[in-house]
Amino acid sequence: MVENVKELLRAHEGLKREVYLDIENSSWVPEEVVKAMLPFYGERAYGNPTLTHKLGWEAFETIMEETKKVANFLGCKNVEEINYTPGETEANNLALIGTAFSKKSLGKKIVISEIEPISVLHVTELLQKYGFTTTKISVDREGLINLEELEKIVDKETILVSLSAVNNEIGTIQPIKEACKIVKEKNSESIFHTDASDAYGKIPFKVQDFCVDLATISSYKILGPRGIGVLYVKEGVGVERILEGQIGTQKLWPGVENTPLIVGFTKASELAFQDFRGNVNHMRKLRDKLIGGIFERVPDVKLNGPKGEKRAPDNVNISFLRCEGEALTIELSLSGVYVSSGSACTRRLLQPSHVLVAIGRRFEEAHGSILMKTTRYHQEEDIEYVLDVLPKAVERLRGITGTTRVD
Amino acid sequence: MSRIPLPYNPKVLELFRNPKNLGKMDDATVSAVAGNPACGDMITFYLKINEEEVIERASFESYGCAANIATSSIVTEMIKGTSLEDAWKISWKRVTEAVGGLPSVKFHCGVLAVGALKRAIRKYYKNKGASPEWLEEELSFEEKQALEEEELAKMLSKRMKLEGEK
């Protein structure tokens, strides 16, 4: 199988330009972030932060200093509220399962929306096997959560509500502050969790302003290294450990702290926040250039998610009718443009993105969807290159679709 | 909702990039469709059949992934110049082998391509009002699978519409 992949890679040789827009699924790590991490692998602070020797104390000092910065970016009261996990998936697992463990005597009801990330969806499915129930609130055609429904659904049995701050696929910015207020008014014992992985570094997000109890942050979504994420746990909120082992500087996640990754994540955060407004404006400008350009040059397309200020500044998600998404990702890749699709073309019955289905897209529209995210590192020329390549790719694949009726 | 790696082989990639016998055939003797856009794949075959019941030309149109395009394309090459009886004997396994193998989750693409071909052959005889001995009345494996996939898609689309109206 790997021989096949070597051949696939050979087909990419000699590309004039490459534009990576698949930030949703992984990202490169900028040189300045890697540089910040390197000394912590071999020069200093590579000890275990709980041990009584120089390298351990260096590690402890480093982790505490870095965590102060992260706490500041997130608007936390103190560093103890920051819990590092190996990523967004693990942070969401800790938030949901850890809360279910600690609140199980108070109730069994968990409330999420129809468009939560896969990790949240799958964890709630797991919890159903252990007697918890999941109620999903609906979203409108732009992916906005229905607050009236939330108010009706949250009751005394509700131990946890988990709603992402920005939808990862279609970029809808959710009214998290209002949602949290509604939840607390209906049941002050309910824990409010938000996956803020697509909000952090993209929209103003401070945990204190949003009054949330738990918040998930992913490192690679702000171009930090993979393998690290954060679960913010508000002081006084009881979340139980879901893994057991040697406890070090953090109570909620056992194992040896990964100092270089913490440094890398902090560095990526600094870069995102040192000129937050400038970065956001840049992402938004490129986002709008990309969306505008596609609508101008490609017929029969649909924007998934809201427009303008209601949309995350980096998110572009477009359905190309009569063009299947997986084929389009391959076609674009061969031209050096790297994106992902909401088509899940790996089953006999291909179930496309649950988010696109929830906002009312037909299956055939969801199968032809492409997700792209802009960053502060992308240039106007990158977008122009995409706008040059994409219409040709869509046209060729539509030519293969031909007169096949797909509507 | 799970994802798996899709290490397509060079033959599939080549056929994806340069499919053979692509496009609608205006003077086709018969055409048939398999799949449903809701499943993410749909194939149409066009066959030009002569009086000796030999496929003179075949072409296709395909809405689908790379495996879908590659298997459709190879089927048109495999059946060109063959008798309908021989074309009927083609199985999805042979098609999968002919493209150099497929990731197992993509086997259904080959099944669908052969399903469309067999439907076209069946339709040809139905139009003609004939029924050769080798053509079994019972649907072939590929035709059954195609039908099943289409019905699942219809069911899901229907359920979605109902949910949309709530």
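Helix α5 (residues 88-103) of chain A lies across β2, β5 (158-162), β6 (191-195), β7 and β8 (229-233) of chain A, and runs at about 165° to β5(A). Axes here are lines fitted to C-alpha atoms, for helices over the stretch in contact, and angles run from 0 to 180 degrees between N-to-C directions. Helices (H or I, at least four residues) and strands (E, at least two) are DSSP runs, numbered from the N terminus.

The model is predicted, so that local features need pLDDT of at least 70 and side-chain atom pairs count only at pLDDT 80 or more, whereas totals for chains, interfaces and linings use all residues. Residues are numbered from 1 along each chain as its sequence is written, and chains are lettered from A and ligands numbered from 1 in the order in which they are written.

**The sheet of chain A**

The strands of chain A form an open sheet of 7 strands in the order β2-β8-β7-β6-β5-β3-β4, with mixed pairing; two strands pair if DSSP finds at least two bridges between them. Its edge strands, each pairing on one side only, are β2 (82-85) and β4 (133-137) of chain A. On average, neighbouring strands of this sheet are turned by 20° against each other, direction ignored.

| Strands | Bridges | Direction | Opposite residues |
|---|---|---|---|
| β3(A) (residues 109-113) and β4(A) | 5 bridges | parallel | A:Ser113 and A:Ile137 |
| β3(A) and β5(A) | 4 bridges | parallel | A:Val111 and A:Val161 |
| β5(A) and β6(A) | 3 bridges | parallel | A:Val161 and A:Phe192 |

From β5(A) the chain crosses through helix α8 (residues 176-186) of chain A to β6(A), in a β-α-β crossover that is right-handed, that is, with the strands pointing away from the viewer, the path from the first strand over the helix to the second runs clockwise. β5(A) is mostly covered, with 5 of its 5 residues buried; a residue is buried if 20 or more other C-beta atoms lie within 10 Å of its own, exposed if 12 or fewer, and partly exposed in between, the C-beta atoms being placed from the backbone.

**Packing of α5(A) on α6(A)**

α5(A) also packs with helix α6 (residues 118-128) of chain A, at an angle of about 35° and with the axes 9 Å apart. The crossing of these two helices is right-handed, a term used if the near helix is turned clockwise from the far one by less than a right angle. Residues making the contact include A:Asn92, A:Leu96 and A:Ala100 of α5(A) and A:Val120, A:Val123 and A:Leu127 of α6(A), where contact means that C-beta atoms, placed from the backbone, lie within 7 Å. The residues of this contact divide into 6 nonpolar, 5 polar and 1 charged; Ala, Val, Leu, Ile, Met, Phe, Trp, Tyr, Cys and Pro count as nonpolar, Asp, Glu, Lys and Arg as charged, and the others, Gly among them, as polar.

Between the chains, 34 residues of chain B are in contact with 32 residues of chain A. On the side of chain B that touches chain A, α6(B) gives the most, with 6 residues, and the residues of that side divide into 21 nonpolar, 9 polar and 4 charged.

Most residues other than glycine have a negative phi. A:Cys211, in the loop between α9 (207-210) and β7 (214-218) of chain A, has instead a positive phi near 55°, and counts as partly exposed because 14 C-beta neighbours lie inside 10 Å. B:Glu53, in the loop between β2 and β3 of chain B, has a positive phi of about 60° and is partly exposed, with 16 other C-beta atoms within 10 Å.

Technical notes: Two residues are in contact if their C-beta atoms, placed from the backbone, lie within 7 Å.
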